[in-house]
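This report goes through selected helices, strands and side-chain arrangements of one protein model. The sequence and the structure are shown first.

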Amino acid sequence: MTDVIARDQALALDAADALAPLREQFVLPPGVIYLDGNSLGVLPRSTAARVQQVVTQEWGTDLITSWNKAGWMDLPLRVGDKIGRLVGAGAGQMVVADSTSVNLFKVLSAALSISQAGAPQRQVILSERSNFPTDLYIAEALARERGFELVLAEPEELPGLLDARTAVLMLTHVNYRTGRMHDMAALTHAAHEAGALTVWDLAHSAGAVPVDLQGAEADFAIGCGYKYLNGGPGAPAFVWVHPQHVDRFWQPLAGWIGHAAPFEFTPGYRPAQGISRYLCGTPAVLSLAALECGVDTLLAAEPLGGMAALRHKSLALTRLFAAQVEATCPALKLVSPRDDALRGSQVCLAHADIAYPVVQALIARGVIGDFRAPNILRFGFTPLYLRFVDAWDAAHHLQQVLQSEEWRRPEFNQKNAVT
Ligand SMILES: *Cc1c(COP(=O)(O)O)cnc(C)c1O
């Protein structure tokens, strides 16, 4: 990690930052340091006008003709192609639809079918014990329904557990709670050596760290639209399948929009060729329009070095914040990896007793992070709109909250439904 610096040095880093103008793309409330873009990305300036146009013109005036005239039907593939550019997917290989949880159900089911075809002994879904709950719940439900076994392990145990019984290695690339990042290419290679397939959840990766799905020879991937992609609350999610698998099996949610010819209204299901078969029902047009604005804010970084440049800045931000906190807040334990290669775009700190009220006290000061049970203070760093001085100020506020003990106030110890 880096050394502690003075606030002026943080300001100098901002002055020299070629990515700084990208911040202008966003509506950022004054007085707020937003370290929660890993949970809900901020509002792009372009979104309100674009959604307004879809509502008043495309819907209000052009009505049903907009399915063709305004390209509504193409939105899942069009936005999918744009997200694909951020994660190393080829054109026409990704669609946007449904939620991350639902897309995980589709791809995990298809992966299990492909893996077990001709290899009935492959009965294990292998995942990480601290994977995000929805991923584990979906896997648990599918395992029950299809007669598979869900095996959970620590990250370092995973390679040793891959064997002839493994059907699918299902992992979230960057852990939601610790920020620890897996080596996608190495684990995919190890899974393939054992004859298993991989499913990658990119919820904390897309738009946050460079990902190369094709280069890593991944098999399936899904991810979230409302975190680093800035698509807005409940934005639809994306799904990618390697071209070598995409036409091999039906996905289980065989809705009419994934049919080869939806408007022929024939009784039998015939899946579309390619990734379109991973669509299910009618596209969520308003949400897709908002998500496209969010993804465009990331594509605006392409002329400035794209994801590699964003990653460089993100690592500098997380290093700075972690170093300041470690130097000034001895009560907090750094949970995220110190090694840049293992750290996503977040810094997680632990405190056995007061993580929750400290986060609440910070929010009252305008420094928005979140609490993750049982004892984690989580801070996401989005290099598109955060400045070095924000990282510095956030660490300073954290130190003041601890020193002043303002976290003791009763209102900071009251639990809300959403943390
Ligand atoms: C945020 C997140 C999800 C969200 O799933 P939804 O279906 O959108 O609720 C899924 N997986 C991981 C790893 C996440 O971090």
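## Accessibility and an exposed loop residue

A residue counts as buried under 20% relative accessible area, as exposed over 50%, and as partly exposed in between. The model is predicted. Asp353 has a relative accessible area of 65%, so it is exposed. Asp353 belongs to the loop that runs between strand E12 (346-350) and helix H12 (355-364). Asp353 and Ser276 are 77 residues apart along the chain, and 48 Å separates their C-alpha atoms.

Ser287, in helix H10 (residues 285-299), has a relative accessibility of 29% and therefore counts as partly exposed. Between Ser287 and Ala235 there are 5.7 Å from C-alpha to C-alpha, although the two are 52 residues apart in sequence.

## Helix H6

Helix H6 (residues 133-146) has 14 residues, which at 1.5 Å a residue should span 20 Å; the C-alpha atoms at its ends are 20 Å apart, so the two values agree. The expected span takes 1.5 Å times one less than the number of residues. Just after H6, Gly147 has a positive phi of about 75 degrees.

Which residues of H6 are buried? They are Asp135, Leu136, Ile138, Ala139, Leu142 and Ala143. Seen down the axis of H6, the buried residues fall within an arc of 160 degrees, and they therefore line one face of the helix. An α-helix has 3.6 residues a turn, so residues three or four places apart point the same way. On the face of H6 turned away from the buried side are the exposed residues Tyr137, Arg144 and Glu145. The cover over the buried residues of H6 includes helix H5 (100-116) together with the strands E5 (124-128), E6 (149-153), E7 (166-172) and E8 (197-201).

Strand E8, one of the elements covering H6, has five of its five residues buried, so E8 is largely enclosed by the rest of the structure. Leu197, Val199 and Asp201 point one way from E8, Thr198 and Trp200 point the other way, and all are buried. In a regular strand the side chains alternate between the two faces of the sheet.

E7 and E8 are parallel and pair over five bridges; Met170 has Val199 in E8 as its bridge partner. E8 also pairs with E9 in the parallel sense, over three bridges, and Asp201 stands opposite Ile222 in E9.

Strand E9 (residues 220-223) is covered on both faces, with Phe220 and Ile222 on one side, Ala221 and Gly223 on the other, and all of them buried. E9 and strand E10 (residues 237-241) run antiparallel and are joined by four bridges. The bridge partner of Ala221 in E10 is Trp240.

## The four-stranded sheet and Arg372

Four strands form an open sheet in the order E11-E12-E15-E14, and their pairing is antiparallel. Strand E11 (333-334) and strand E14 (370-372) are the edge strands, each pairing on one side only. E14 and strand E15 (residues 376-380) run antiparallel and share three bridges.

Arg372 is found in E14, and its bridge partner in E15 is Ile376. Is Arg372 buried or exposed? With a relative accessible area of 18%, Arg372 is buried. Apart from neighbours within four places in sequence, Arg372 is in contact with Ser39, Tyr176, Arg177, Arg378 and Thr419.

## Aromatic rings

The structure has 10 aromatic pairs. In the pair of Phe263 and Phe265 the ring centres are 5.7 Å apart and the planes stand at 90 degrees, so the pair is edge-to-face; planes over 60 degrees apart count as such. Phe263 and Phe265 are both exposed. Ring pairs join Trp256, Phe263 and Phe265 into a cluster.

Lysine side chains also lie over ring faces. Lys227 is placed over the face of Phe132, 5.5 Å from the ring centre. Lys415 is placed over the face of Tyr356, at 5.0 Å from the ring centre.

Technical notes
Residues numbered from 1 in each chain as written. Predicted model: local features only at pLDDT ≥ 70, side-chain atom pairs only at ≥ 80, totals over all residues. Heavy atoms only, no water. Helix = DSSP H or I, 4+ residues; strand = E, 2+ residues; numbered from the N terminus. Buried < 20%, exposed > 50% of the residue type's maximum accessible area, 1.4 Å probe, protein only. Phe/Tyr/Trp six-rings, centres within 6.5 Å; stacked < 30°, edge-to-face > 60°. Lys NZ or Arg CZ within 6 Å of the ring centre and 35° of its normal. Arc of directions from axis to C-beta. Contact = heavy atoms within 4.5 Å. Pairing = 2+ DSSP bridges.
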